[in-house]
There are 2 protein chains.
Amino acid sequence: MEIPSRTELAVTSDGVPQRTGNNLDPWYANYAERAAGLAASEVRALFAVASRPEVVSLAGGMPFVSALPQDLIVSSMDKVMREQGPVALQYGSGQGIPALREQILEVMAIEGIRGAVDDVVTSTGSQQALDLVAKLFLDPGDVVLAEAPSYVGAMGVFRSYQANVVHVAMDEHGLIPEALRQTIAHLRGQGRRIKFLYTIPNFHNPAGVTLSAERRPEILEICRSNEILILEDNPYGLLHFDEPAPNALRSLDPEGVIYLGSFSKTLAPGFRVGWALAPHAIREKLILAAESAILSPSSFSQLVVSEYLATADWRAQIDTFRGVYRERKDAMVEALGEYLPQLSWTNPNGGFYVWVTMPDVLDSKQMLPRAVKELVAYTPGTAFFADGRGRHAMRLSFCYPTPEAIRLGIRRLATVVNGELDLLDTFAGTGTLQLPPSAGIESAPPSDLK
Amino acid sequence: MEIPSRTELAVTSDGVPQRTGNNLDPWYANYAERAAGLAASEVRALFAVASRPEVVSLAGGMPFVSALPQDLIVSSMDKVMREQGPVALQYGSGQGIPALREQILEVMAIEGIRGAVDDVVTSTGSQQALDLVAKLFLDPGDVVLAEAPSYVGAMGVFRSYQANVVHVAMDEHGLIPEALRQTIAHLRGQGRRIKFLYTIPNFHNPAGVTLSAERRPEILEICRSNEILILEDNPYGLLHFDEPAPNALRSLDPEGVIYLGSFSKTLAPGFRVGWALAPHAIREKLILAAESAILSPSSFSQLVVSEYLATADWRAQIDTFRGVYRERKDAMVEALGEYLPQLSWTNPNGGFYVWVTMPDVLDSKQMLPRAVKELVAYTPGTAFFADGRGRHAMRLSFCYPTPEAIRLGIRRLATVVNGELDLLDTFAGTGTLQLPPSAGIESAPPSDLK
């Protein structure tokens with residue numbers, strides 16, 4: 001009997017054979033190429049900081065679930081277990097429970113979407129739908145177009161399938177059509193394969209802007225004529241402060257858009273229920289990918305969400321959330337005006353985030369440890385770019401802290417920013433200033449990512 | 001402004017532009033190469049049949065959740081919402097809730113596993129952990145070793161990452177060490193990259209056999225000396241009928257084995273809570289992959305499972321399940337002896353499945369439509385092979401139907417088998433017999449896959 005011996009083995013005192021080697025990971029050589037794309041994001045690193053109670057975290061994206069009618073959720077659960085217990089506890093359809101998919105059509109109708117219940121696929125949060133679409137479409141080297149900046153969690157998914165994100169410029173009206181045209185032409189000229197445009201048209205994460213109604217048909221036409229699929233990610237669409245967001249891109253081109261929706265912001269992320277509405281031909285493959293990944297989404301979670309939608313005044317609850325977030329956004333924008341007038345920022349009409357631009361001399365990533373020392377946290381702008389940009393920007397989220405905490409946080413941030421600017425003034429022209437590198441931030445779970 | 005026009009556009013009567021083309025899917029050319037591996041499995045096709053109430057389904061893998069103490073589950077939910085509502089409704093750690101991971105260590109200790117809470121990663125069912133491990137390790141063309149036959153849902157995952165499954169022979173004592181050695185040597189001789197051995201050591205799905213205690217160290221040693229990682233999938237391990245299964249492979253080699261566990265069979269699949277226990281170095285990458293795919297598993301589901309484990313006598317509940325499944329297994333094996341003595345079958349000491357081998361003249365896939373006509377369903381053996389084998393075998397599951405239904409189902413199956421054999425006798429030597437191809441089976445959700 002011959003065994004190829006490619007490993008040196010040693011035996012420890014308890015008799016268990018151990019691999020020896022000069023690498024900390026004995027399986028280092030065995031990972032797939034795509035595993036190299038699985039790096040901890042910069043935003044991830046903030047959680048340990050943000051979770052300390054004395055820190056005002058303007059970094060996370062946690063919805064304010066305490067505004068929910070908890071009794072109603074408990075009674076939904078009880079009813080589900082009483083009336084459909086064995087169904088709730090069992091495996092279910094890989095596509096999702098039909099009754100919930102019908103209700104999802106009602107939710108999407110608010111944004112002008114008419115779809116078929118057969119084309120809705122429920123998922124473990126819309127993040128899973130994002131992952132499945134990426135798995136379905138992205139070969140190594142493919143290009144995904146995305147706004148500049150873009151959602152860090154989406155870029156991570158695309159990277160995990162070895163695709164490259166190419167950013168397209170946006171302004172206060174969202175993605176710029178001419179920039180999209182030029183980027184496509186440029187990439188096509190280089191022979192690159194563009195697989196889809198990933199876009200968050202409403203109350204953008206992280207930029208806080210909304211794609212204008214005027215630009216929507218133009219963006220669709222550019223993608224249509226270039227045969228580029230659109231992946232429309234819309235977790236915040238119903239959380240507007242004044243007038244509603246324009247109708248969804250999906251409402252204007254059912255065959256050209258995969259739409260992603262979520263109950264994480266309009267109800268609660270703890271159930272992990274999101275969905276995709278896909279063109280019919282794609283939908284079939286999406287279900288197969290979903291079944292391969294998890295067999296079926298949680299029957300229990302889906303039934304509770306379905307029962308909540310059936311019995312609660314969920315539209316009124318969304319109004320409540322809108323009021324909560326609007327008050328917090330106002331507090332943030334007012335505090336920025338009061339304490340940091342030398343910076344510029346977006347003033348979103350919905351969603352969770354304000355995008356702040358600092359003078360070029362400041363670096364948000366290098367500044368973060370000082371901010372944490374002053375007990376305020378934010379997300380450095382570089383997290384939202386695939387190409388190293390964003391050093392002079394940061395994302396501030398107003399979804400979770402109270403208005404008072406937000407004001408306190410911005411005041412602390414002003415102390416840090418003004419301190420940095422003073423330092424720079426002091427050393428101006430001497431050429432000796434070196435801002436310290438980030439340090440002391442621990443790795444952390446991803447609840448801060450959305 | 002130049003737009004490359006690669007698509008012909010037409011406008012329908014409602015004014016919506018439509019892509020034209022000779023393919024039913026306008027995005028046909030855009031899928032990733034791996035999407036070709038996402039085919040509907042043969043087992044999937046059985047659900048529509050199995051769900052008709054008049055059919056005795058011996059095809060599915062649904063646990064008998066009605067044996068659960070539903071009141072206790074409801075009170076666990078109520079307590080979770082009352083005491084930890086805002087946590088249950090919120091995003092959580094990507095690795096999973098620490099309290100639950102501690103309890104998972106207790107569950108695994110029953111099978112001799114000593115692990116660190118830091119190395120447990122909870123997942124959306126163990127299927128997701130399987131998918132994440134595959135994503136982390138499998139490049140196109142890589143080889144996964146698996147028993148012959150193997151779990152259809154695992155082979156689907158490996159195929160979705162463009163890997164190839166190579167089967168290793170097993171007998172009534174499980175995987176055959178010498179066959180494993182020879183297969184590795186043969187593949188290495190061809191220069192193939194073997195990434196891991198996927199194995200279900202206990203109460204195998206679909207074969208119903210258990211890897212003997214004697215063989216376990218030998219299998220581990222073969223893999224260790226060949227630097228092949230082991231992926232140990234153990235959803236049924238605690239559901240033994242007589243003596244417990246031998247200690248887990250993971251208990252003997254913490255650095256060489258990724259262990260997958262699940263609450264789907266010992267509690268309920270509807271929560272979608274499973275886990276992986278990985279070598280420390282791998283665990284970090286697994287968490288990153290999990291976060292990329294779904295941000296975090298459901299906090300609510302995890303807390304309910306955790307509360308159930310803390311308050312219920314879950315060991316006694318597993319005893320109850322064991323009694324239920326044992327009675328059903330006995331009913332099946334007795335009925336097979338009574339009605340189909342000309343076939344052979346495994347007599348499992350736990351789990352959900354019996355593997356039946358028929359005379360070579362019979363084809364289980366071709367026979368299926370006749371079985372369905374006789375109101376009994378099973379899973380053809382070909383579903384569990386990556387290489388076309390299994391035509392003369394079938395998987396019968398005893399987990400869901402009552403003992404009476406099982407006896408009825410086996411009697412019906414005997415009618416079909418005997419009818420086929422009679423037909424073959426009648427036409428013997430004439431060379432004119434053509435068994436009909438499978439037909440009339442609709443696509444279906446995946447709750448039948450486990």
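This is a predicted model: local features need pLDDT of at least 70, side-chain atom pairs count only at pLDDT 80 or more; totals for chains, interfaces and linings use all residues.
Trainee: What makes chain B and chain A count as being in contact, and how many residues take part?

Mentor: Contact requires heavy atoms within 4.5 Å. By that criterion 109 residues of chain B and 110 residues of chain A belong to the contact.

Trainee: What is the area buried between the two chains, and which atoms contribute to it?

Mentor: About 9,400 Å² is buried between chain B and chain A, with carbon and sulfur atoms giving 58% of that area. On the side of chain B, the residues B:Trp27, B:Leu89 and B:Tyr91 supply 9% of the area that this chain buries against chain A, more than any other three residues.

Trainee: How do you know that the two copies are related as by a two-fold rotation axis?

Mentor: A rotation of 180° superposes chain B on chain A, with 0.0 Å of shift along the axis and an RMSD of 0.0 Å. The copies are therefore related as by a two-fold rotation axis. The same surface serves both copies, since 100% of the contact residues of chain B recur in chain A.

Trainee: Why is the pair B:Lys135 and A:Asp131 called a salt bridge?

Mentor: The rule asks for a side-chain nitrogen of Lys or Arg within 4 Å of a carboxyl oxygen of Asp or Glu.

Trainee: How many residue pairs are in polar contact between the chains, and which elements of chain B supply the touching side?

Mentor: There are 38 residue pairs in polar contact between chain B and chain A, both residues being at pLDDT 80 or more. Elements that each supply at least two residues of the side of chain B touching chain A include β2, α2, α4 and α9. The largest share, 11 residues, comes from α9(B). That side of chain B divides into 57 nonpolar, 27 polar and 25 charged residues.

Trainee: What makes B:Lys195 and B:Asp139 a salt bridge, and where do they lie?

Mentor: Their closest N and O atoms are 3.8 Å apart, and the limit is 4 Å, so the pair qualifies. The pair links distant parts of the chain, with B:Lys195 in strand β8 and B:Asp139 in the loop between α4 and β5, 56 residues apart. Both B:Lys195 and B:Asp139 are buried.

Trainee: Why do B:Arg224 and B:Glu221 form a salt bridge under the rule, and how is each residue classed?

Mentor: The closest N and O atoms of B:Arg224 and B:Glu221 are 2.9 Å apart; the cut-off is 4 Å, and the pair therefore qualifies. Both residues lie in helix α7 of chain B, 3 residues apart, about one turn of the helix. B:Arg224, at a relative accessible area of 6%, is therefore buried. B:Glu221 is at 30%, and so counts as partly exposed, since that class lies between 20% and 50%.

Note on methods. Residues are numbered from 1 along each chain as its sequence is written. Chains are lettered from A and ligands numbered from 1 in the order in which they are written. Side-chain values use heavy atoms; hydrogens and water are left out. Buried area is the accessible area (1.4 Å probe) that two parts lose on being put together, summed over both. A polar contact is a pair of N or O atoms within 3.5 Å; within protein, one must be able to donate a hydrogen and the other to accept it, and residues adjacent in sequence count only if both atoms are side-chain atoms. Helices (H or I, at least four residues) and strands (E, at least two) are DSSP runs, numbered from the N terminus. Ala, Val, Leu, Ile, Met, Phe, Trp, Tyr, Cys and Pro count as nonpolar, Asp, Glu, Lys and Arg as charged, and the others, Gly among them, as polar. Buried means under 20% relative accessible area, exposed over 50%, partly exposed in between (1.4 Å probe, protein chains only). Copies are superposed by least squares on the C-alpha atoms of residues with pLDDT of at least 70 in both.
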